[in-house]
Amino acid sequence: MILAIDMGNSNIVVGGIDDQKTYFEERITTDDRKTSLEYAIMLKNILEIHNVNKNDIEGSIISSVVPPLNAPLSSAVKKITGRKPLLVGSGMKTGLNIKMDNPKTVGGDRIVAAVAAISMYEGPIIIIDMGTATTMEVVDRAGDYIGGVILPGVKVALNSLVSNTAQLPRINLDVPKRVIGKNTIECMRNGIMYGNAAILDGLIDRMEEEIGDKATLVATGGMARFITPLCRHEIEYVPDLLLRGLLILYRRNTPEA
């Protein structure tokens, strides 16, 4: 088993995974005020909850979009496992042909998601990751990463709406019963939920038109399981997509014993 960690702007996903299955997946809050010791304690607690001994962990890998926390989190992992983790970044063997203006600027999480998707599906593929930001990556029929889009995440949009209006309340993002709301809370919820679903549908249509082909549609991220069922396209939800990608990258960048 390896310890696979995906550090996003809001949450850090910690998972135990090997070639057979995902053993556990937990989320902790991303907080740049925490020290490496505090993160080490949190990681230790996660392993204990799932009855994982540090000797069961052969190694670890981190994908991060929060560079200031790379060192504290890496140190925390080393404290717990006794080994320095791999860090997804420039110079790592990805097996991915990135056709971007500057491939080095592509976020680690986007690379990890694409690597995982390519291992599971034939191109073209559109990969949707719904976290703090919503990202959509496009892999063409040849398996090349050709780009994508980045837009505000579901909760970011909702927080912006509430923060910049005087009379709109904070709401829970439950699944709407209908599109046309009958009160303020319903109107807000429906607008956010169906609005994001419509954004995904519209972007998928435009992307497929641009590449001239129908794509396999894959989604991951905390909000994907709520939004994608509202879409008109058939989108497969893969909750551990990033963990799978991290395992692949770990294998590609670790010498065989």
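Helices here are DSSP runs of H or I at least four residues long, numbered from the N terminus. With that in hand, let's walk through this structure, which is a predicted model.

Among the elements of the structure, α4 gives the most to the lining of the largest pocket, with 4 residues. That pocket holds about 810 Å³ of space. Its lining has 36 residues, and those nearest the centre are Asn11, Met130, Gly131, Thr132 and Gly222. By class, the lining divides into 14 nonpolar, 13 polar and 9 charged residues.

The crossing of α4 past α5 is right-handed. On the α4 side you will find Val154, Ala157, Leu158, Leu161 and Val162, which meet Met188, Ile192 and Asn196 in α5. This contact has 7 nonpolar residues, 1 polar residue and no charged ones.

Now turn to the strands. Strands of a sheet pair through backbone hydrogen bonds, either parallel or antiparallel. Here, five strands form an open sheet with mixed pairing, in the order β8-β7-β6-β9-β10. Its edge strands, β8 (145-152) and β10 (236-237), each pair on one side only. Strand β7, residues 133-139, runs antiparallel to β8, and 7 bridges link the pair. Within this pair, threonine 134 stands opposite leucine 151 of β8.

Finally, look for the second largest pocket, with about 310 Å³ of space. It is lined by 16 residues, including Gly89, Ser90 and Lys104.

Key: Residues are numbered from 1 along each chain as its sequence is written. This is a predicted model: local features need pLDDT of at least 70, side-chain atom pairs count only at pLDDT 80 or more; totals for chains, interfaces and linings use all residues. Side-chain values use heavy atoms; hydrogens and water are left out. Two strands pair if DSSP finds at least two bridges between them. Helices (H or I, at least four residues) and strands (E, at least two) are DSSP runs, numbered from the N terminus. A crossing is left-handed if the near helix is turned anticlockwise from the far one by less than a right angle, and right-handed if clockwise. Contact means heavy atoms within 4.5 Å. Ala, Val, Leu, Ile, Met, Phe, Trp, Tyr, Cys and Pro count as nonpolar, Asp, Glu, Lys and Arg as charged, and the others, Gly among them, as polar. On a 1 Å grid over the protein atoms alone, a cavity is a set of points where a 1.4 Å probe fits but cannot get out, and a pocket is an open set with protein on both sides within 12 Å along at least five of seven lines; lining residues have an atom within 4 Å of a point. Grid points are joined across faces, edges and corners, and a volume is the space filled by probe spheres set on the points.
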